[in-house]
Every structure is written in C-alpha cells, then in structure tokens.
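Welcome, and please have your viewer open beside you. We will go from stop to stop, with something to select at each one.

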Amino acid sequence: MKSKKKSNKINEIIKSFKTQRQMWAICMVALVWVLVFCYVPMLGNIIAFFDYVPGKNLLDCTFIGLKNWIDFFSLPDVWRVFRNTLVISGLSMSIGFVAPIIFALLLNEIHHTLFKKVIQTISYLPYFISWVVVASILLTLLGTEGNINSILIYFGWIEKPISFLNEKSMFWGILTSSNIWKDLGWSAIIYISAIAGVDQELYQAGSVDGLGRFGKVWHITLPGIAPTIILLFIMNIGNILNAGFEQQLLIGTPLTKEVYENIDTYVYRYGVQIGRYSFATAVGLMKSVIGFGLVVIANKISAKVTDMRLF
Amino acid sequence: MQNAYKKNVYKKSIYKKNIYKKKVLALALSVVMIFGGCTKKDSGQEQVISNADLSGEVNEWGWVIPDETLVLDVYGGEGDQENLMKDEYGGKAKLDEWLLNNLNVQINWQLYSTSMDEKLNLMLASGDYPAIITNMTNEMADKFIAQGKALDLTEALEQYGDNITRRYGDYLNMLKSEDGKIYKLATLYGYNPNVAGYDFGIRYDYWEELGESKMYETPEGYYEALKKVLENHPTNANGQTTYGASSTNKGQNFLKAMLAAYGFITDYKYDESTGDMVHWLNTEDGLEISMLVNKMYREGLIDPDFLSTDYETLMTKMQSEQILGNFGTWWYGWTGGHQFWATQEAESYTIEKRFANVSVHAEGLTMEDTTLLTANYLGSYRCIITDKCTDLGMVMRYLNWENSELGNFIAGWGAPDEDNVWDIAEDGTWVVDDDILSVDTKETTFHHVREELNGGGTYMIAVNGQWMRTDETQNFDKIDSRIDRVSVYDYWPVNADGSFSDEGINISWGNYTAPAKDISMFNVSYDPNAEITITKQTLTDTIETEWARIITAASEEECERLFTEARDKCNALGLEDLTEYVKSQHDANIAKFEGK
C-alpha cells in the first residue's frame with residue numbers, strides 16, 4: 001500500500017517533468033545555483049563540532065562536540081548580548097514591520113498619480129545608500145555640532161549640545177529610526193503591489209454599504225493584503241536573532257556598547273577576528289537552527305489560526 | 001528436496017550477506033581513501049636545498065647570474081592587483097626589465113583585495129598557495145609552520161644567507177621555533193628611522209604667540225599650553241568652536257600617548273631590576289593619567305565627538321583649523337596640517353603654520369624613560385618560503401641579495417639610473433638627484449619618480465625596511481651624505497652638521513627629543529585557541545569601554561570612581577593572568593634572543 005502510494009507520487013513527479021519540461025528547464029539553473037551555493041556549503045557547518053584549523057584535514061582536527069556552544073554561553077556579557085539582539089530585532093520586527101504597511105496604505109490613498117510616484121521613488125532611494133554613508137549622515141545630524149543640536153540651541157530649547165550618539169538611552173531609537181528610514185520604501189513595494197491586486201469592485205461595494213475611507217482600509221484593503229502580511233511575517237520571524245552588524249559597528253561608540261553589542265558583533269570579535277572559525281560557525285549554526293525552528297512554529301500557528309501557510 | 005531447497009536459500013542469503021559486507025567495506029575504504037587523499041604529503045621527503053649551479057662570477061650588483069631565469073611567485077598581501085598590473089607609469093615594467101637583464105630574476109607578485117588573514121586561511125584550506133608569502137602576520141606564519149607548509153630555512157641561511165644573518169644579528173634567534181629551527185623571516189625589519197612617535201603636538205604659530213621661552217615638557221605643561229591657545233583662538237574662520245585634540249580610535253590615542261610619556265610599554269610598566277610587570281590600571285600613574293585626560297575633556301580641550309570621529313573627519317577638522325593640537329599619532333599633524341596648507345594656501349603660506357611634534361615626559365621621569373618613540377626590530381610581519389618552492393637555495397640566495405646593502409636600496413628606491421632619484425657615481429657613492437633635496441616637492445620629485453616611474457618598493461620580500469645607516473650590522477656609507485634617516489620609503493635632507501636642511505622640518509621636529517626605545521622583547525603572540533586569547537579580547541573590549549567612560553566622566557570624583565570600578569572589573573576578568581602571560585612571553589623572548 002505504502003509502496004503503491006510512493007510509486008504514484010513518483011509517477012506524478014515524472015508526469016510533471018514531462019508536461020512542464022520548459023518550466024523545469026528554466027528553473028533548473030536556479031535550482032542548481034541554490035544547491036551549489038546554498039545547500040552544499042551547509043556541509044561546512046560540521047566544523048562547528050571540531051577544533052578546526054584551516055589547512056588541516058578535518059579528521060585530524062579534534063572533535064569537541066558541543067564545546068563551542070558551551071564556550072559561547074560561558075563568555076561574559078553573553079546574556080546582555082542576547083538581550084540587545086532580541087530588543088533590536090524586536091523593535092525592527094514590530095515597528096519596522098508595521099511601518100511599511102502603514103506607508104503603503106497611505107500611499108494608496110493618494111490619487112494624484114505623479115505625486116504618488118515621486119513620493120514612492122524618493123521613499124526607496126535610501127535603501128541603496130550604504131550604512132557607511134548613513135553613519136556619516138547621522139554624525140552630521142546628531143553630532144554635538146550637528147544640525148539637530150544647532151536647531152535646538154538656536155531656539156533656546158537646550159543650553160549645551162546633547163551627545164546623541166553617546167547616549168545609551170537613545171541608541172535603540174536612533175538605530176530603529178535609521179533602519180526604518182532606510183528600508184521603508186523598499187519594504188513597502190510588496191504591499192503596494194498586493195494592494196493593487198485588491199478587486200476594485202469591493203471598494204465600490206463598500207461605498208454602497210456606506211464605508212468611509214478608514215472603513216474601506218480596515219474592511220477591504222487590510223483583509224485583501226493579509227496573506228502577504230502573514231507570509232512576510234512568517235519569513236521575517238526567522239531573522240529574530242539577526243539584529244544587524246554594520247550599523248552597530250559604524251554608529252556604536254564605547255559608551256553605547258552596552259546596548260549595541262549583539263550576537264553578530266560579539267561573534268565577529270570573539271570568533272572571526274581572533275581566528276576561531278569553529279566558534280563563529282557554531283554560533284551561526286545555532287542562530288540558523290533557532291530561526292528555522294521559529295519559522296516552522298510560526299507557519300504551523302498561522303495554518304491553524306488563519307489557514308494560511310508558507311509551506 | 002526441501003532440505004536441498006533450504007540449503008540453497010541459506011547459501012544464497014549467506015552469499016548476499018557477503019556481497020553486502022564487501023560493498024560496505026569497499027565504500028568505507030573509498031571514503032577513507034578520499035579523505036586520506038586530502039591529507040598532506042608525506043613530509044618525510046628530504047629537503048633539497050638547491051639544484052642550481054652556483055659557480056660563476058659575482059657581477060657588479062653582487063649577484064651570480066643563474067643559467068635559468070629564477071622565477072619567484074610571491075603573495076605580497078592586500079592590494080590592488082589590477083592597478084599593479086596596469087602599471088600606469090611603467091615603473092614596474094622598468095624594474096622587471098632590470099631584474100631580468102641584470103639578475104636573470106623574474107618576480108610574479110600577487111595581491112588580493114581581501115583581508116590577508118582570511119585569504120591565507122582559504123589558501124591553507126585549499127592547499128593553493130605560492131612558493132613565497134610575505135607581509136603576513138606572525139600568527140599566520142606560525143599557522144603555516146605548524147602545518148608543515150613552511151620550509152626549514154636554517155640550513156639555507158647558513159649556506160646562502162650571510163647578509164641576512166649579519167643584518168639580523170642576535171635578533172635572528174627570536175625567529176626560531178621551539179625545535180630551534182628557523183621557518184620564517186621578518187619583513188621590513190630594522191631600526192626605526194622616524195624622529196617622532198606618540199605626539200603631544202600643538203599649532204606652532206599659535207604657541208609662538210604665547211611668548212613662552214621654552215616648549216612644555218610634561219603632560220601638564222601640554223594641558224596649560226593647549227588651554228591658552230584655545231583661549232586665544234576660541235573659534236576658527238568658519239565660526240566653529242575649536243578644540244585641542246580629537247581621536248580616530250575612540251580615545252585610545254590619548255591613552256597610548258599618555259602611557260608612553262609615563263614610560264609604560266604596551267600598557268605595562270616594566271621594572272628592569274625585578275623583572276616585574278604591572279598593568280596601567282593597577283598603578284597610581286594610571287589614575288593620574290585618567291584624571292588629566294578627563295580634566296582636558298571637561299574643560300573643552302577635547303572634541304566632544306571624539307568617539308565617533310574617523311580619519312577623514314579628523315583631517316577635515318584639523319585642516320579647517322578647528323583642532324589646534326595633535327595628541328597621539330605624529331604624522332596626523334602633517335597630513336592634517338602643513339602638508340595641506342602648503343599646497344592650498346601657496347602664496348600666503350608661512351612655514352610656522354604647522355603642528356609642532358613635541359615629546360613630553362611625566363613628572364619625575366626623564367625623556368629617556370619615555371616610550372614615545374619605540375623600535376621593534378623584527379616588526380610585526382613575516383615572510384615564509386612554502387613547500388611549493390622547488391629550489392630553496394636559489395630563493396634564499398635572492399633574499400640574501402635583497403638584504404645586501406645595494407640590494408636593499410634597489411628594492412626600495414628602484415635601480416640606479418639617471419632618470420631615477422639616485423644613481424651610482426664614479427667613486428661609488430650613491431648620489432641622489434638634486435631635485436629630491438627640496439622637501440616641499442617630495443611627492444612629485446621623490447615618491448612619484450621612485451615608485452611610479454622606476455618601480456621602487458614594488459617587490460620587497462624580506463627586506464630591511466627601516467633605517468639604512470652604518471652600524472655594527474650594516475654599512476651604508478655610500479649613501480649621499482646630503483640625506484639622512486634613509487629607509488626604503490623615505491629620507492630627509494640634512495646639512496653637513498646633521499641638522500635638517502628644511503627649516504619647516506626643524507620646526508616640526510625641533511621639540512621632539514625622545515630617543516627610540518627598543519621594545520622588541522615585548523612582542524607577544526596569542527594562539528587563537530588558547531584561553532588567554534579570549535581573556536585578552538575580553539579585557540581589550542572592556543578597557544576600551546571603560547576608558548571612554550573615564551574620559552567623559554562629569555567630575556573628578558566620578559572619574560576616580562570609574563577608574564577604580566574599571567580596575568576591579570578588569571582584575572576580576574583576569575587582568576593579572578594576562579599580565580603574567582605577557583611577562584612570560586617577554587622572558588621567553590629574552591631567552592630566545594640570548595640563544596638559550
């Protein structure tokens with residue numbers, strides 16, 4: 001019975017190959033690329049379990065099992081690092097996830113086409129600016145002689161300049177704001193295209209039923225793009241332990257290290273910089289496993305609650 | 001019949017089991033062979049020093065030309081390979097031609113834009129590396145040595161390395177591995193030719209306005225002078241507030257400069273009589289240093305944005321005269337000062353408008369006690385000859401030639417030529433072009449001509465890169481007496497009495513009197529997998545944060561409290577263990593140097 005089911009499945013796959021061979025031919029290049037550059041390198045994760053020395057045969061390296069993870073969790077400040085990672089990615093996922101949706105909804109309400117296109121174009125230009133440039137912009141704006149301090153002093157709201165970039169209490173806000181500014185337009189693109197796919201007749205029906213602007217957004221637009229929102233959320237939740245790297249190194253100072261240091265910057269210093277590649281690989285593997293687990297859980301919850309799933 | 005059938009079935013199942021076992025065994029053997037094939041070659045092969053015929057006359061360059069062209073494949077470090085090969089001005093090609101015609105040597109120099117450590121790790125992992133690797137860190141050299149990829153140079157040095165052993169002197173012992181053999185050489189080693197090191201610099205023209213008869217000699221004197229200069233010049237021409245100093249490395253330059261003025265060597269105070277070492281955090285001097293720098297910050301002498309400033313921003317601030325002092329790296333005062341103003345202001349520029357590099361010493365110490373200017377004879381970079389080398393003897397002969405006085409000079413300055421910055425006179429003197437005696441035009445008359453038009457500095461494998469002077473290990477009497485402090489990169493024109501011929505240079509360095517201190521014994525290496533390396537990294541991070549907090553403390557009391565907290569924190573993290581380790585490395589270096 002089982003083997004009959006299996007052979008049916010195999011036959012289905014073979015049939016699909018035959019009927020959609022052109023599609024398979026197109027996809028084959030991408031599939032091979034993914035296999036070679038994404039899946040095959042995963043085998044390298046094995047060095048996380050060894051005391052790997054580049055150039056040495058893996059079998060000649062000492063097998064250390066879970067020692068790298070034990071070392072990681074024994075490092076001083078590791079829990080502070082976890083806290084920072086979760087806070088920064090949490091802020092990014094909460095505010096940073098919602099902002100593009102709100103922006104897309106607002107943009108959708110603009111009827112003047114030219115104006116709308118200009119705003120949209122301007123909004124996703126920051127995405128292409130590197131973090132090095134963004135850090136320079138932030139320094140120019142927020143430095144003690146920056147524009148913000150100059151304005152505040154000019155209007156008499158403060159007497160002495162505020163060192164924004166050295167204040168621990170402000171770092172998360174600055175980081176989240178700059179992340180949103182940089183990614184808002186680009187992230188909104190997918191929502192804008194999802195909104196464009198909502199049936200216009202629904203809006204007409206809504207008008208007939210007496211729905212106002214907000215009513216239409218709440219009852220028509222949002223439900224229309226809900227699948228997109230949920231699927232993107234499921235995908236993003238896997239990045240909960242990825243709280244950025246360049247922005248912390250560029251914008252952070254020793255006075256804000258307590259709040260900017262995350263897993264990536266920590267592992268960079270304690271792994272890559274001092275040549276402990278096994279250690280760095282082990283932490284990376286841990287992050288990937290946790291991220292994957294969260295995606296699976298989120299997918300299952302979504303399937304149960306909303307009947308929508310990524311896979 | 002049934003028994004026969006059963007017997008047959010049983011035989012078949014045994015047969016199948018045997019086939020299965022053979023398959024498993026074959027698979028296992030294949031896997032072992034695959035992995036086994038990835039292991040290094042049997043290092044039991046005897047190392048052949050040289051197959052080259054070494055008979056022949058020594059030519060005018062001190063070299064016996066081989067019958068076959070000696071081809072050297074070298075990984076030279078980080079850089080732009082495309083730019084190198086483009087050879088816009090033809091200097092590389094000119095040097096290549098000279099090497100081929102006069103030495104029958106061809107050097108294939110390879111650069112990569114990626115981090116050298118990362119590239120070397122990839123090379124190790126893939127087994128794809130050239131015969132010579134230079135400009136690598138000591139740790140990476142040791143990695144190659146540990147894996148048997150670096151050749152033993154001991155015998156080759158004895159046979160062909162007389163110039164190398166002469167110029168290294170006893171320092172060569174420090175390159176020996178635990179087995180007593182030499183597997184690596186130093187790159188750009190030698191005595192520091194610089195006049196200045198850590199700097200307590202100030203705008204000379206503004207200091208002159210103060211009417212002081214004598215330049216300050218202590219950190220407190222520096223603080224007083226900077227304060228007065230800032231009082232006289234509170235804003236620059238753009239209306240921006242002026243400061244005495246800033247930083248590009250989160251305030252570490254202030255700390256390093258102050259520690260040097262107090263006689264600390266790489267964060268530690270070393271007592272020669274007892275051999276003891278103590279970290280600056282565990283000394284009263286450390287507190288004194290912290291209080292002074294904090295005072296400078298609180299009184300507005302330090303740029304409040306010093307924690308976020310990078311090199312370009314600092315240069316802009318110095319060049320726009322917003323920063324009126326130079327606290328840390330001496331040459332920042334040059335690139336951010338007179339070298340910029342002299343070209344930008346041309347007609348109106350006066351030589352007094354520059355940052356004077358100034359050396360200071362802590363109260364109770366003399367200038368000789370400071371470590372403002374240090375000399376690390378072996379430097380930080382190494383060269384190895386790998387097991388891909390097919391003729392160690394010939395390679396060593398070339399490196400030996402490179403370490404001859406003439407070879408060293410040619411490696412740095414290009415071949416002697418009337419179109420180059422130097423040539424060999426009839427009496428044998430290495431005469432320099434008159435044009436290079438003007439410091440103001442150095443960029444065009446020296447650096448451009450030497451490097452870009454004549455290939456100087458293109459191929460420096462394991463050469464002495466520092467002061468080419470006459471002493472017990474080397475003889476550079478032939479160098480034109482009109483220049484001094486000559487290295488592979490630089491020189492300074494001097495008068496007959498040895499003083500600098502350029503008045504501007506005399507102003508820049510006239511107040512820098514700290515002698516060079518040899519800190520070669522204080523080289524410390526860290527094994528990436530050792531516990532102490534983690535301790536060191538943790539402490540480095542902690543001290544960086546704590547130092548920033550100390551500098552920016554709001555009051556003297558807070559500064560003292562933060563210092564004490566930092567001390568306690570670091571001691572709890574293993575500062576004393578690290579100090580012990582540094583001391584043990586120092587002692588080991590001395591033992592090595594003495595040949596024990």
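Predicted model: local features only at pLDDT ≥ 70, side-chain atom pairs only at ≥ 80, totals over all residues.

Residues are numbered from 1 along each chain as its sequence is written, and chains are lettered from A in the order in which they are written.

Zoom out to the C-alpha trace of chain B, which spans about 120 × 70 × 50 Å along its principal axes. Colour by secondary structure to find 20 helices and 16 strands, taken as DSSP runs numbered from the N terminus (helices: H or I, at least four residues; strands: E, at least two).

Next, select Leu72(B), Ile132(B), Ile385(B), Val395(B) and Ile461(B), which touch the most other members of the largest nonpolar core, a set of 77 residues. Such a core joins buried Ala, Val, Leu, Ile, Met, Phe, Trp, Tyr and Cys residues through C-beta atoms within 7 Å. Helix H14 (residues 392-402) of chain B gives this core its largest share, seven residues. A second, separate core has 71 residues, including Tyr222(B) and Leu575(B).

Finish at Lys583(B) in helix H20 (residues 575-593) of chain B. Why does Lys583(B) count as partly exposed? Because Lys583(B) has 18 C-beta neighbours inside 10 Å.

Conventions
Buried ≥ 20, exposed ≤ 12 C-beta atoms within 10 Å, placed from the backbone.
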